[in-house]
Each structure stands twice: as C-alpha cells, then as structure tokens.
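Define each term where it is used.

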Amino acid sequence: MNIKDLKYYQKLVEYKNFSQVAEFFNTRQPTISMAIKRLENEFGVALFIRDHAHKTLNLTKAGEQLANHINVILNELQVAKEEIARSEASQIRFGLPPIIGNYYFPSLTPSLMRAKLMHSLDVYEHGSRELLKMLTKGQLDIALLGSLETFHEERLTTQEFANYSFKIIVGKNHPLAGKGAVRFADLAKESFIMPSSEFFHVQAFKQMCHQTHTRPKVIFQTPDIHVIKAMVEDNLGISFLTDLAIKPSDQLVALTLLDAQQPHFKLSLARRSTEVLSENEQKLWELLKHK
C-alpha cells in the first residue's frame, strides 16, 4: 500500500469516474484502476460496484468505511508535514474568535507582555467553527474556542477554563429594564436584534425557542456586537448575548434568565494532541490554561 494509491482512491470516491481522476493526476486510467485493484487485494473486499449498463460507480459498504479512514490518514499526513515544517518556527499561529478577542483576550495582554509572548503571536480571527477546522488541518498551533458543549475531539487536547451565562439585553428605558430577571417564554412578543449565524448565540437562541415553544421575531442580525448594543440602547429591540460581551460601561440592562435549563457559553483552549509544543507554545499554553 502506498500514499499515492490512497490519494487516487480519495479522488475516485469524490469523482466516481476513472477518467476524471486520471486527468486530475495527469496520469493514465489504467494507473488508477491498478491502484484500486491493489487496495481491494490488500483488504480482500470489493470497494466499488461498477454498473456498466448505466455507467455508474458506487461505493460498497466496505468502500465507504475505507474512505472515512483514508480521509483521516491523508489529513494526518498533511498535518504531520505542517508540524514538522514548522518545528523550528518562532511564530505561534494563534486562533481567536472575534467575541473572545474583543471581550476576553484584552485582559490577558499584560501577562503575555510580561512573558514576552505577544510578539510571537500570529493571530487568526475567525468564528470558532472555522478555527476548529483550521486547527485539525494543521493550519493553527493553538486556539481559544467558544462552544455550547464541552469539546470531545479525539485529535485535540482541550482545556475548558471559563463558562458564561446568556442574558437578555434591554435599553435602560425599556419596559423590561426594571424586572431584573425574566423567563424566556415571556419574551415571545419581543423583537430581537441578534448576532449573525456564525456566532453560537444563534444556536443558543434557537435552543431556548425550542425549549419554551416560542418563536420571537428576529428583526435584524449583524456580526458587529457594538451595533447590536447601540440599537438596543436606542430601544429598537432587545438582544440575547453572553455576559462575556457585556461591560459595566454599557448603557444597557442585563436581565437574568429564570429558566431551569439554559445554554452556557464555554471557553476552551485547544491544540492538536500530536504536536510537540515549542518552548514558547508551551509557555503560552500554560499561561492561558491557568487564567
């Protein structure tokens, strides 16, 4: 078995056409056919069902199983190349979601400066889902991630270090401002201004809607938390935000949710389990882990 055979197989699963795969790799069709035959001999099973009448190519159950493993194998090989190539790199590719970068990370900068790590950070700002993909592909070294559930990723080492509630945000002159706490079901007729879909707030909001059998109206969505706060402050609607994003200086009122079951915004530190950390990466990991 060789790596090229696995790459041919992966592409054949995608294209389901020998000629197209041969063209993609700039080789001949018999080369692809022989590679698949070698894999079938190696595993002792048929990997594809060839329907000559309809000129179709379909995976067997065993073929599907092998495809899943090959995707992992080829990804891990690419990650290994990335890690080895960067083993002496001085920069740390660091993933940081916008809301964590704006509202949590600034409190860490004094410690990072004292540890002389700030100049080593090559920061990538994306949503947590995208950062998770980049991390598993070897495109990042360490990341801070937000989630609603505790991470259980086999290929990652993770450390959950903070947990934030979600609050209902209203303007100081809003009729709800004096209540202090509300039930989500009581907000069914309110108009919400929400973060856009790449934020976990939307998933948490839908969870609360499902639990309480309510469908409040969402009148506007934006990735800019500052815009949301400004609109709420002007009583154009209310919002549903994690209290990580709420500052004492905000001209807003944060209401506690009284619901017994509700989501929480979790912050985790993550890295690939296979990566041997450099001295600076280890310092960064330990510093963030204990904050």
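K289 is partly exposed, with a relative accessibility of 25%, where buried means under 20% relative accessible area, exposed means over 50%, and partly exposed lies in between (1.4 Å probe, protein chains only). K289 and E286 meet through their side chains in a salt bridge with an N to O distance of 3.4 Å, a salt bridge being a side-chain nitrogen of Lys or Arg within 4 Å of a carboxyl oxygen of Asp or Glu. This is a predicted model, in which local features need pLDDT of at least 70 and side-chain atom pairs count only at pLDDT 80 or more, while totals for chains, interfaces and linings use all residues. Residues are numbered from 1 along each chain as its sequence is written, and side-chain values use heavy atoms, with hydrogens and water left out.

**Salt bridges**

- By the rule given above, the count comes to seven salt bridges.
- E286 and K289 are three residues apart in helix 10 (residues 279-289), and are therefore separated by about one helical turn; helices (H or I, at least four residues) and strands (E, at least two) are DSSP runs, numbered from the N terminus.
- An α-helix has 3.6 residues a turn, so residues three or four places apart point the same way.
- E286 counts as partly exposed, at 29% relative accessibility.
- E76 and R155 form a salt bridge between their side chains at 3.7 Å, N to O, and this pair links distant parts of the chain, with E76 in helix 4 (residues 61-85) and R155 in the loop between strand 5 (142-147) and strand 6 (156-171), 79 residues apart.
- E76 is partly exposed at 25% relative accessibility, and R155 is partly exposed with a relative accessible area of 35%.
- E160 and K266 form a salt bridge in which the closest N and O atoms are 3.8 Å apart; here too the pair links distant parts of the chain, E160 being in strand 6 and K266 in strand 12 (residues 264-272), 106 residues apart.
- E160 is partly exposed, with a relative accessible area of 32%, whereas K266 is buried, with a relative accessible area of 14%.

**Buried face of helix 10**

- The buried residues of helix 10 are E281, L284, W285, L287 and L288.
- Seen down the axis of helix 10, these buried residues fall within an arc of 170 degrees, so they line one face of the helix; the arc is that of the directions from the helix axis to the C-beta atoms.
- The cover over the buried residues of helix 10 includes strand 3 (92-95), helix 6 (109-114), strand 4 (121-124), strand 5, strand 6 and strand 12.

**Nonpolar cores**

- The largest nonpolar core has 57 residues, and I168 and F240 have the most contacts inside it; such a core is a set of buried Ala, Val, Leu, Ile, Met, Phe, Trp, Tyr and Cys residues joined through side-chain atoms within 4.5 Å.
- Strand 6 gives the most to this core, with seven residues.
- Another core, of 20 residues, lies apart from the largest one and has V21, A22, L39 and F48 among its members.
- Not counting residues up to four places away in sequence, I168 touches a set of residues including V182, F184, L187, F192, I238 and F240, where contact means heavy atoms within 4.5 Å.

**Individual residues and their contacts**

- M208 lies in helix 8 (residues 200-212) and counts as buried, at 0% relative accessibility.
- Leaving aside neighbours within four places in sequence, M208 is in contact with F184, F240, D259, Q261, Q262 and P263; the C-alpha atoms of M208 and P263, 55 residues apart along the chain, are separated by 7.9 Å.
- Y124 lies in strand 4 and is partly exposed, with a relative accessible area of 27%.
- Beyond its neighbours within four places in sequence, Y124 is in contact with R93, F94, G95, L96, L131, M134 and L140.
- K11 lies in helix 1 (residues 3-15) and counts as buried at 15% relative accessibility, and K11 touches K16, V21, F24 and F25, not counting residues up to four places away in sequence.
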